[in-house]
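Dear colleague,

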Amino acid sequence: MRRPAAAVILIISLFMAVPAIAGQFEDATKAYSSGDYETAYSLIKPLAEKGLPEAQFNLGLLYDKGQGVPQDFAEAVTWYRKAAEQGNAKGQYSLGMMYNNGQDVPQDYAEAVKWLRKAAEQGNGKSQYNLGMMYYNGQGVPQNYAEAMMWYRKAAEQGFAEAQYNLGMMYYKGQGVPQDYAEAMAWYYKGAAQGNAKGQYSLGMMFYRGRGVPKDYVLAHMWLNLATSRYPALEKAKREWAEIFIDIAASKMTPAQLAEAQKLAREWKPKQEK
């Protein structure tokens, strides 16, 4: 069957425009990376209006953060949706989180789950982690620890520290899996090694209590010490608990052991998996 002439012309025009579009998108990315958000906006918007899903997501992001344009959650939702409906995983994740948080849309956990699942199935790690949270808390779906575990694991295997901590917590509590302190330790360590405060606190407590590993006050002190410096201000109570156990551990150590624990904490460096 012969194509109509107009359709052939359109296809040829789009094909010829690809290098120009790619160049403009690259220039927008460079402008954004350098902090020139107004230039990024002026370059991205025409591409988004032409239907480029990656540009639509990035335009939504600019509106979401108020970068190069006044912050406008309604516009962010509009552009995230356009990208999401074309199958863009980052747009799907961002739209899902807007529904999850109720930002300029009614809070709707079921709708959040719908979009997070679409992105998670494409391998988007943030979506996998947040979908795991939805299953863990029973938000938008019936509570299901086995499903939560599955999605946490997918995100954890991509190096997401928060998912690694949550996976360790589920092994520790025996939620969705048989209780297994050794597995809990392994996942706590992965999160802790990246600087996750909850992972560091939990790892320190495992060494303090001797669960999954022999009791070791030096390593307990080290990890708890690291956790105290990484807990945000909103988690003051958790930081204070860590400080309490640091003091208890210190009371059981010799001066040499205490000096070793402090040296280990000073010399520790985070290991980024992503």
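A residue is called buried when its relative accessible area is under 20%, exposed when it is over 50%, and partly exposed in between. The model you have is a predicted one, and the values below are computed from it.

Helix α1

With those cut-offs, I21 counts as partly exposed, because its relative accessibility is 24%. I21 is found in helix α1, and, when residues up to four places away in sequence are left out, I21 touches L47 and L52. I21 and L52 are 31 residues apart in sequence, while their C-alpha atoms are 9.0 Å apart in space.

Helix α1, which covers residues 5–33, also holds F25. Again not counting residues up to four places away in sequence, F25 touches I44, L47, L52, E54, A55 and N58. By contrast, F25 and N166, which are 141 residues apart in sequence, have their C-alpha atoms 37 Å apart in space.

Helix α4

Helix α4 runs over residues 73–85, and its 13 residues should span 18 Å at 1.5 Å a residue, which agrees with the 18 Å between its end C-alpha atoms. At the start of α4, a side-chain oxygen of D72 reaches to within 3.1 Å of the backbone nitrogen of A74, and just after the helix G87 takes a positive phi of about 90°. The buried residues in α4 are A76, V77, W79, Y80, A83 and A84, and they pack against α2 (37–49), α3, α5 and α6 (109–120).

Which residues of α5 are buried? They are A89, G91, Q92, Y93, S94, L95, G96, M97, M98, Y99 and N100; since 11 of the 13 residues are buried, α5 is largely enclosed by the rest of the structure. The buried residues of α5 pack against α3, α4, α6 and α7. The N-terminal end of α5 is capped by N88, with a side-chain oxygen 3.2 Å from the backbone nitrogen of K90, and just after the helix G102 takes a positive phi of about 70°.

In the loop between α5 and α6 you will find D104, whose phi is near 60°, a positive value in a residue other than glycine. D104 is exposed, because its relative accessible area is 52%.

The largest pocket

About 280 Å³ of space lies in the largest pocket. It is lined by 15 residues, and the closest to its centre are F57, L61, Y93, S94 and K126. Helices α3 (53–65), α5 (89–101) and α7 (125–137) each supply at least two residues of the lining, and the largest share, 5 residues, comes from α5. By class, the lining of the largest pocket has 7 nonpolar, 4 polar and 4 charged residues.

In the loop between α9 and α10 lies Q175, which counts as buried because its relative accessibility is 12%. Leaving aside neighbours within four places in sequence, Q175 is in contact with Y136, Y145, M149, M169 and M170.

Helix α10 itself covers residues 181–193, and its 13 residues should span 18 Å at 1.5 Å a residue, in agreement with the 18 Å between its end C-alpha atoms. The N-terminal end of α10 is capped by D180, where a side-chain oxygen lies 3.1 Å from the backbone nitrogen of A182. In α10 the residues A184, M185, W187, Y188, G191, A192 and A193 are buried, and what covers them includes α8 (145–157), α9 (161–173), α11 (197–209) and α12 (217–228). Just after α10, G195 takes a positive phi of about 100°.

With best wishes

How values were computed. Residues are numbered from 1 along each chain as its sequence is written. This is a predicted model: local features need pLDDT of at least 70, side-chain atom pairs count only at pLDDT 80 or more; totals for chains, interfaces and linings use all residues. Side-chain values use heavy atoms; hydrogens and water are left out. On a 1 Å grid over the protein atoms alone, a cavity is a set of points where a 1.4 Å probe fits but cannot get out, and a pocket is an open set with protein on both sides within 12 Å along at least five of seven lines; lining residues have an atom within 4 Å of a point. Grid points are joined across faces, edges and corners, and a volume is the space filled by probe spheres set on the points. Helices (H or I, at least four residues) and strands (E, at least two) are DSSP runs, numbered from the N terminus. Ala, Val, Leu, Ile, Met, Phe, Trp, Tyr, Cys and Pro count as nonpolar, Asp, Glu, Lys and Arg as charged, and the others, Gly among them, as polar. The expected span of a helix is 1.5 Å times one less than its number of residues. Buried means under 20% relative accessible area, exposed over 50%, partly exposed in between (1.4 Å probe, protein chains only). Contact means heavy atoms within 4.5 Å. A polar contact is a pair of N or O atoms within 3.5 Å; within protein, one must be able to donate a hydrogen and the other to accept it, and residues adjacent in sequence count only if both atoms are side-chain atoms.
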